[in-house]
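Here is a short report for a reader who is new to this structure. It starts with the whole chain and then turns to single places.

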Amino acid sequence: MARPLTPLVGRNDELATMQSLLQESVSDSARAMLVVGDAGVGKTRLLIEASAQAADRGWLRMVGHCIDFGDAGLPYLPISEAFGALVRDHPELVESLVAEFPPLARLLPAHRRLVQQTAAFDDRVERGALFDAVLGALESISAQQPVLLIVEDVHWADQATRDLLGFLFARLRGERGIAIIASYRSEDLHRRHPLRAVAAEWARLPGVTRLPLPPLTAEEIRTLIGDVRPVPLPEQVIERIIQRSGGNAFFAEQLLAAATDDDRSSSVPAELADLLLVRLDRLSADARLAVRAAAVAGRRVPHELLAAVVELPPDALEAALREAVDAHLLEPRGSEAYGFRHALLAEAVYADLLPGERVRLHASYALALTRTATGSAAELSRHAHESHDLPMAFSASVRAGDEAMTVAAAEDAMRYYENALELAAHAPPETEFPASTVAAKAANAASVAGHVFRAVALGKQAVADLPADAPPQLRAELLLGKARYAMPVDSETDALESTDEALRLVPDDPPTALRARIAVVHARCLMMLGRYADASRWGQEALMLGTRVADPEAVAEASTTLAVLDQRTGDPVSAAEGLLAVRAEARERGNLIAELRSTYSLGGLYFELGELEKAVEAYEANAARAQQAGRPWSSYAIESRVLSVLTRYQMGDWDRSAAHASVVGESPSPLAEAMIKAAGLAVAAGRGEVAALELLPALRSWSLRETMVAVQTVPAADLFVCAGEPERALEHLDWLVLELTGLWQTALIPSQVRISAIALATLSAMVSDRPQSGRPALVERGEAYLSAAWAVLADQQKPERKLGAESRAWGLRVEAEWLRLRWLAGVQAPTLDEQIEGWQRSIEGFSYGDRYEVARSQARLATVFRAAGRSAEAAELATSARETARELGAAPLLAELRALGTSRRVEAPTTGRPQNLTGREKEVLALLEQGRTNRQAAKELYISEKTVSVHVSNILAKLGASSRAEAASIARRDGLT
């Protein structure tokens, strides 16, 4: 039983129990264990690990497997296999055993082949003698070294093997150094299975332990997925595998092998389906009918509903269900329903139905549901659709979507509405404009669920499908929805065209709530396009209209827009007062959208002012409020969460920033997941976690559509530098500028300033590797980045625009990095005083609260001070930067400071957990402390040698150590391992 390359996932308690059993069998007396679990739950993998650990401790292993030969199995097959392996590996031992226990020879494989079946009929061994020989052989081996006998799949064992195992279990007492472990599938032990009663008797014997294997936890399945497939998968795909696998490791591996990044199918891999359906084939005809009918209902079906569908008399149905329960296919759910023991089993049975059989059963369920008025619209929708009753399917799907929206299940509602949209041609005659009205409902659900691009497409479809003779008011309402969905995806121009048309369709006299709401969105579009004067005029009109028609939603939206305009035109005090007032009133009236938008805007205002504590409080309160309201993936909720991640990063609260950037255990929309994970790149880059670059391909695909994803991938450039690939860093930044320019339809993209600063720093990192003749080219490239940044800064410094604290800081950083590049390259080199002033201004700029950028600026100013001979000032700055870097776990910055060499010694950490070592880094550090090489550590941890090397580099940086020996010394001193 060779140990696999991937580590064992979970099962720590079970493995410890096995190790305890082995220890007791040596120190006290022989022991046995029955390992019980479903097929695929991990029995074999656990036995492999236990066997390997036993071999490491000097145990002799004997392994045999039972095979399903039906009623014609070869007696004692697993015992023959176990001793046969001894013949191969230890022939001298077997010879001595056969000499001492002659009946044992009858079990050796060579004596059981057809060519050997020539002995006379009376040349046979008595069963008692054979059993004694097997026991005696085990005892003889144990006198030399402990022996472990493993027999797998005993549910397939023949009667003779079961009798032999029972004999061994009953006579274990008194001997030492013998352990027997037998495994079997619990779901195969139906009421008439011969092992069922025998296993119960075995478990009552002294020295025999029964070890049931429960399903793996969701977190363990997640770990398994990561071990089998290191390339990151979308969270929704991972969650789907976790849910469908039901904690079964084999099922999870099969589903993972068939999964794709956008996998949303419910098909079961063919190999897995074959395994699951074997048990169905063993049932009687009535039981198969009941199970198939139950599969059409789903994982759970009330007895009354099943009885209405299955054409069997009550007593026959009960007998059939009893048989299915005994076979572990179905199990009672409460007192009135049945469910499948495993979700995949229901899926496999359903997929195995013949087309006509499936349609007939769905039709029966639909009829039963309408007659009894039980069940939900969602159930009726499914059965009507699958039975091809399309008018009923349309109506039920719309009702199902409406029901889902009332319980904050927007993802499900979107699916039901889209199902109805496909059937719009079959809508009942009394339904007006079914395609447009259902598309509008679907767009709203998609927006709430976080599928913003889908919402835009559905909003456009709602308008396009509306007949020309439709009422103008309905067209205006649909245009308003279309505009609202377009704004979050940076389509303000499209949105403005929609609101222009909508305003022409709705007269201003008499005043209406619809026109007020259109005016609100119109004002927002104008503001986002930078047309502040027009935005203010329409915002005032929307406020006036909303007040006149007593529409609190329009009033709140208009007030928020006007407050944001105050902020952007330089009156933050009035803006804050206005937003606080809007939020208070929105909360009082229960106006969720107004509350979310005003709180989000308030967070942005505080952020621009550099008041990060207030900003993060607003963002996180907003995300929590949206979660509470069942809208965790709506636009304001997602963006609030993203900005809380980034704000905590700037504040130096990196642990919480990273935690908020994790979507493990959640079900975000693909866009929401991309936005949140992109925000998490900031901490990953600060800590030098180059493995995060694996996320970049998926994030880049979303960057082509969503600017918020694109902008947050800027830190990937720092990761490329950490990985020793500065050219790829520049390629990534240039690609970003190109894509953002296309998305924003302007060369003056706000992110250009930060991108230019990072690019200039990257060029500086490349200088030392270039000959003097090649350095002017780097400066020339840097000048292009500088010019692009200056163009944006000049545009942002117009009178009607006010720069926020972050924007000002990055502007100062660009100037400092430009000075540094020229100084390092020796091209038009600035004076030391110019550099000192530049970096002092950078430190001052980031002092609003960005701790990491302050520390990076301090480190670079320390370099200049050192060059100027001002060692004391250099050491003071380097010490301050080092303290911050250690607290944050900023490995790249620590490496930069080590190269600077301004500290007299490596100081012991003082914050309690300054190293911020990951769990894996602590494992590597423990092995370093034991003197392991990278290759040895890789072998022990089941990871690559290259990965160990990366971990070692991070450990050295985080501990401020210059060598592996020094890192090990720090670990021993501080008790880090």
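## The chain as a whole

Of the 977 residues in the protein chain, 53% are buried. Buried means under 20% relative accessible area, exposed means over 50%, and partly exposed lies in between, with a 1.4 Å probe and protein chains only. The model is predicted: local features need pLDDT of at least 70, side-chain atom pairs count only at pLDDT 80 or more, and totals for chains, interfaces and linings use all residues. Residues are numbered from 1 along each chain as its sequence is written, and side-chain values use heavy atoms, with hydrogens and water left out.

The protein chain holds 47 helices and 8 strands. Both are DSSP runs numbered from the N terminus: helices are H or I with at least four residues, strands are E with at least two. The C-alpha trace spans about 110 × 85 × 45 Å along its principal axes.

## Contacts, surface and charge

Take contacts with a separation of 6 or more: 69% of them join residues 24 or more positions apart. A contact means heavy atoms within 4.5 Å.

The accessible surface is about 42,700 Å², and carbon and sulfur atoms supply 51% of it. The areas come from the Shrake-Rupley method with a 1.4 Å probe. The chain carries 105 positive and 130 negative side chains. Lys and Arg count as positive, Asp and Glu as negative; His and the chain ends are not counted. The centres of the two sets lie 3 Å apart, with each charge placed at NZ of Lys, CZ of Arg, CG of Asp or CD of Glu.

## A pair of helices

Helix H3 (residues 77–89) packs against helix H4 (residues 91–100) at an angle of about 125°, and their axes are 5 Å apart. H3 is therefore oblique to H4. Axes are lines fitted to C-alpha atoms, for helices over the stretch in contact, and angles run from 0 to 180 degrees between N-to-C directions.

H3 contributes Phe-83, Leu-86, Val-87, Arg-88 and Asp-89 to the contact, and H4 contributes Pro-91, Val-94 and Leu-97.

## Backbone details

The peptide bond from Asp-509 to Pro-510 is cis, with omega near 5°. Pro-510 sits in the loop between helix H23 (492–505) and helix H24 (513–528).

Arg-11 is not a glycine, yet its phi is positive, near 65°. Arg-11 lies in the segment before helix H1 (12–27). It is buried, at 6% relative accessible area. Phe-433 also has a positive phi, near 45°. Phe-433 belongs to the loop between helix H19 (410–422) and helix H20 (434–449). Its relative accessibility is 23%, so Phe-433 counts as partly exposed.

Notes:
Angles under 35 degrees count as roughly parallel, over 145 as roughly antiparallel, 65 to 115 as roughly perpendicular and the rest as oblique.
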